[in-house]
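The sequence and structure are shown first.

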Amino acid sequence: MLAYTFYESDNRVRRYAEALVKRGDHVDVIALRQKGQAYRDIINGVNLYRIQRRVINEKNKVAYLIKIVFFLINSF
């Protein structure tokens with residue numbers, strides 16, 4: 001799963017990922033990282049990769065778009 005959000009605070013992404021694990025699927029989530037968090041973690045059977053820090057300080061839509069595109073490129 002690819003999510004431009006903080007995994008721990010986004011319940012819809014977290015519930016869906018954990019439901020897939022309960023079903024028996026192997027789940028990798030690529031998400032944002034907050035200051036002090038590890039790059040890789042396992043939470044309730046979900047393999048979590050935090051690839052990019054995000055500070056919510058965008059001044060306009062273009063700045064927000066640039067961060068999303070950068071996240072997409074890093075996720076490859």
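1. Leu 2 sits in the segment that precedes helix H1 (11-23); helices (H or I, at least four residues) and strands (E, at least two) are DSSP runs, numbered from the N terminus. The model is predicted: local features need pLDDT of at least 70, side-chain atom pairs count only at pLDDT 80 or more, and totals for chains, interfaces and linings use all residues. Residues are numbered from 1 along each chain as its sequence is written, and side-chain values use heavy atoms, with hydrogens and water left out.

2. Leu 2 counts as partly exposed because its relative accessibility is 48% (buried is under 20% relative accessible area, exposed over 50%, partly exposed in between; 1.4 Å probe, protein chains only). Of the 76 residues of the protein, 32% count as buried.

3. A nonpolar surface patch is formed by Leu 2, Leu 72 and Phe 76, with about 370 Å² of accessible area together. Patches take residues with over 30% relative accessible area and no salt bridge, nonpolar side chains (Val, Leu, Ile, Met, Phe, Trp, Tyr) being joined within 5 Å and like charges within 9 Å. A salt bridge here is a side-chain nitrogen of Lys or Arg within 4 Å of a carboxyl oxygen of Asp or Glu. Accessible areas come from the Shrake-Rupley method with a 1.4 Å probe; for residues, only the protein chains shown count as cover.

4. As to the overall fold, the protein has two helices and three strands, in the sequence order α-β-β-β-α. The C-alpha trace spans about 40 × 25 × 20 Å along its principal axes.
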